[in-house]
Amino acid sequence: MKTLVILSSVLFLTGCFDSGDANAQATDSVALGETTFNQNCISCHGKEGQGLVKDWKKTQENGKYPAPPINGTAHAWHHSPKALLTTINNGGVKLGGWMPAFKDQLNENEKQAVLNYIHDLWPQETQKKYDKRFK
């Protein structure tokens, strides 16, 4: 009986404390984001989000804008997480680009993980500005 009480107390108390997994969860999310990015985004946004064209603000021959860099050198970091998720969900066609909608292709964890991965690509100073503004 005494052993049962001690064991129950230990189990109860371990549930009361943060296991320190916040950093591990953040790292896991960035890793999932990188995988998701590599499977769905890299072909247009380039390796590590640097973009594929020099002038992403200029329309291409087809009249559409190319995918912008998302590594902190373009405008993605100026947009709120909500706006970025809207673009992931709805794509960029309405904005003059050709990004497809990922609303039904990615689950919510994957979408958030992609945002975490993109944020991780940005220079620290850009991350700080973004975090101050939106987080």
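The legends below describe close-up views of a predicted model.

**Figure 1. Overview of the chain, which has 6 helices and 0 strands.** From the N terminus on, the order of elements is α-α-α-α-α-α. The chain has 135 residues, of which 30% count as buried. Among contacts with a separation of 6 or more, 51% are between residues 24 or more positions apart.

**Figure 2. Helix α5, residues 108-121.** This helix has 14 residues and spans 20 Å from its first C-alpha to its last, close to the 20 Å expected at 1.5 Å a residue. Its N-terminal end is capped by Asn107, with a side-chain oxygen 3.0 Å from the backbone nitrogen of Asn109. The buried residues of α5 are Lys111, Ala113, Val114, Leu115, Tyr117, Ile118 and His119. An α-helix has 3.6 residues a turn, so residues three or four places apart point the same way.

**Figure 3. The largest nonpolar core, with 16 residues.** Ile88 and Trp122 have the most contacts inside this core. At least two core residues come from each of α2 (22-40), α4 (81-90) and α5. The largest share, 4 residues, is supplied by α5. In soluble globular proteins, nonpolar side chains tend to be buried together.

**Figure 4. Surroundings of Trp122 and Gln127.** Not counting residues up to four places away in sequence, Trp122 touches Ile70, Asn71, Gly72, Ala76, Trp77, Gln127 and Tyr130. Gln127 belongs to helix α6, residues 124-134. The relative accessible area of Gln127 is 15%; because the cut-off for buried is under 20%, this residue counts as buried. A polar atom of the Gln127 side chain lies 2.8 Å from the backbone oxygen of His119. With residues up to four places away in sequence left out, Gln127 touches His119, Asp120 and Trp122.

**Figure 5. Thr36 in helix α2.** Thr36 has a relative accessibility of 2% and therefore counts as buried. Thr36 and Glu110 are 74 residues apart along the chain, yet their C-alpha atoms are separated by 6.5 Å. Beyond residues up to four places away in sequence, Thr36 touches Cys41, Leu106, Glu110 and Val114.

**Figure 6. The largest pocket, with a volume of about 730 Å³.** The pocket is lined by 33 residues, and those closest to its centre are His45, Pro68, His75, Thr87 and Met99. Two or more lining residues come from each of α2, α3 (42-45), α4 and α5. Helix α4 gives the largest share of the lining, 4 residues. Rolling a probe the size of a water molecule over the atoms shows where empty space is left.

**Figure 7. His45 in helix α3.** At a relative accessible area of 11%, His45 is buried. A polar atom of the His45 side chain lies 2.8 Å from the backbone oxygen of Pro68. Both His45 and Pro68 are among the residues closest to the centre of the largest pocket. Leaving aside neighbours within four places in sequence, His45 is in contact with Phe37, Gln50, Gly51, Ala67, Pro68, Ile70 and Met99. Ile70 is also one of the residues that Trp122 touches.

Terms used
Residues are numbered from 1 along each chain as its sequence is written. This is a predicted model: local features need pLDDT of at least 70, side-chain atom pairs count only at pLDDT 80 or more; totals for chains, interfaces and linings use all residues. Side-chain values use heavy atoms; hydrogens and water are left out. The expected span of a helix is 1.5 Å times one less than its number of residues. Buried means under 20% relative accessible area, exposed over 50%, partly exposed in between (1.4 Å probe, protein chains only). A polar contact is a pair of N or O atoms within 3.5 Å; within protein, one must be able to donate a hydrogen and the other to accept it, and residues adjacent in sequence count only if both atoms are side-chain atoms. A nonpolar core is a set of buried Ala, Val, Leu, Ile, Met, Phe, Trp, Tyr and Cys residues joined through side-chain atoms within 4.5 Å. Contact means heavy atoms within 4.5 Å. On a 1 Å grid over the protein atoms alone, a cavity is a set of points where a 1.4 Å probe fits but cannot get out, and a pocket is an open set with protein on both sides within 12 Å along at least five of seven lines; lining residues have an atom within 4 Å of a point. Grid points are joined across faces, edges and corners, and a volume is the space filled by probe spheres set on the points.
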